[in-house]
Amino acid sequence: MVLIGLGSIYGGLNYQVGTLSHMGPGFFPASVGGLLVLVGILIAIGARTSKDEADDEGASVPSSHPSGMPDMRGAICIILGILAFIFLGHYGGLLPATFAITFISALGDRKNTVKQALILSLGMVVIAVVVFWWALQLQLPLFQWG
């Protein structure tokens, strides 16, 4: 995350950044890159702190199946959700794409049920319509076939 953020800052600084009241084309990538760097550093600090606490208590954080293989369910669901969003965003519109990415990604958490993933997905569809389609007037149709 830190490297992607630094790359985004570097790319954004190649354009006119401007000010907060008069943003240039480089403002958004530079500010999002800065946020990525900050979040990446906070994640690294949090991971280091969790590891130190687990070492102090003598417990280990479970990160694999009983068979010894790493648990890949979450990563696979997130990747499939992103691919579904790309495909459905292009061929189906904002609503099916938002529903698909949320539903599939939510199933990556073993604690979520299908009912919880469905409720979360419907809520995100409502938020996406209000924020992206109505407020920001994003040029992505709600529904589109083909």
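Trainee: Understood. Which residues does UniProt list as "transmembrane region"?

Mentor: The unreviewed UniProt entry lists residues 27-47, 72-105 and 117-136 under that term.

Trainee: What is the helix content over residues 27-47, and how far apart are the end C-alpha atoms?

Mentor: Residues 27-47 are 100% helix and 0% strand in the predicted model. The end C-alpha atoms of that span are 30 Å apart.

Trainee: And what about residues 117-136?

Mentor: That span is 95% helix and 0% strand, with its end C-alpha atoms 26 Å apart.

Trainee: Changing topic: what share of the chain is buried?

Mentor: Of the 146 residues, 20% are buried. The chain exposes about 10500 Å², and carbon and sulfur atoms supply 73% of that area.

Trainee: Which residues make the nonpolar surface patch?

Mentor: The patch covers about 1100 Å² and includes Leu120, Met124, Phe132, Trp133 and Trp134.

Trainee: Where is Trp134 found?

Mentor: Trp134 belongs to helix H5, which spans residues 114-135.

Trainee: Why does Trp134 count as exposed?

Mentor: Its relative accessibility is 62%, and exposed means over 50%.

Trainee: Finally, what share of the contacts between residues at least 6 apart in sequence join residues at least 24 apart?

Mentor: For this chain, that share is 50%.

Key. Residues numbered from 1 in each chain as written. Predicted model: local features only at pLDDT ≥ 70, side-chain atom pairs only at ≥ 80, totals over all residues. Heavy atoms only, no water. UniProt positions renumbered as here; feature names shortened; annotations may be inferred. Helix = DSSP H or I, 4+ residues; strand = E, 2+ residues; numbered from the N terminus. Buried < 20%, exposed > 50% of the residue type's maximum accessible area, 1.4 Å probe, protein only. Contact = heavy atoms within 4.5 Å. Areas by Shrake-Rupley, 256 points an atom, 1.4 Å probe, with all protein chains shown as cover. Patch = residues over 30% accessible without salt bridge, like charges linked within 9 Å, V, L, I, M, F, W, Y side chains within 5 Å. Salt bridge = Lys/Arg side-chain N within 4 Å of Asp/Glu carboxyl O.
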